[in-house]
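Here is a short briefing on a predicted model.

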Amino acid sequence: MEIDQFISSPALRAITTAMYFAKAYHQAANIVQLDHLYHAPAAAYYQAIQNIDDSIKTAAIFAHNPGITDFINELDVSFVPNMPTCGVFAIKININHWVDFKKGKKEYGNCSGPMHFCSAMNAPVTVVYCSTIPAFGYG
């Protein structure tokens, strides 16, 4: 899959991850940083998407929880209890203008995380589970 546009929150982990992906896709200079994606609610993701230039056919957004999980679940294509760090959630949508994203029919594409990537590359995997959700007493 080609990615035409990389969009990121300015948060260090988000922008660093975006830079790794953009470099892998040979588009290191093609990252748009949007301040309003930092600790953003789901509505901010719609705003970011609706402002993508229509010449862009495929976009990737790099941000963080809890907003990214809330946004994904609002898409109503698949329930994701929590997007993992460096998780990838892909959808397909047939629209001609990004401004039509919210009302466009969406189709589930993929949901993967770091364990899936390592497994696919036959790399050793060690997993440590812990919560970073303040409501659970962590944070």
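Mean pLDDT (the predictor's confidence in each residue, from 0 to 100) is 82 for the protein chain, and 77% of its residues reach 70 or more. Local features need pLDDT of at least 70 and side-chain atom pairs 80 or more, while totals for chains, interfaces and linings use all residues of this predicted model. Residues are numbered from 1 along each chain as its sequence is written, and side-chain values use heavy atoms, without hydrogens and water.

**Confidence**
- Helix H2 (residues 42–50) scores highest, at a mean of 95. Helix H4 (residues 114–120) scores lowest, at 57.
- Helices (H or I, at least four residues) and strands (E, at least two) are DSSP runs, numbered from the N terminus.
- Where pLDDT is low, predicted coordinates should not be read in detail.

**Sheet**
- An open sheet holds 3 strands in the order S2-S1-S3, with parallel pairing (at least two DSSP bridges between two strands).
- S2 and S3 (59–62) are edge strands with a single partner strand each, so one side of each lacks a neighbour in the sheet.
- Neighbouring strands are turned by 20 degrees against each other on average, direction ignored.
- S1 (residues 5–8) and S2 run parallel, joined by 3 bridges. Ile 7 stands opposite Val 32 in S2.
- H1 packs on the sheet and touches S1, S2 and S3 (contact: heavy atoms within 4.5 Å). Its direction makes about 165 degrees with that of S1. Axes are lines fitted to C-alpha atoms, for helices over the stretch in contact; angles run from 0 to 180 degrees between N-to-C directions.

**Gln 27**
- Gln 27 lies in the loop between H1 (12–24) and S2 (31–33).
- Beyond four places in sequence, Gln 27 touches Ile 3, Asp 4, Phe 6 and Ala 22.
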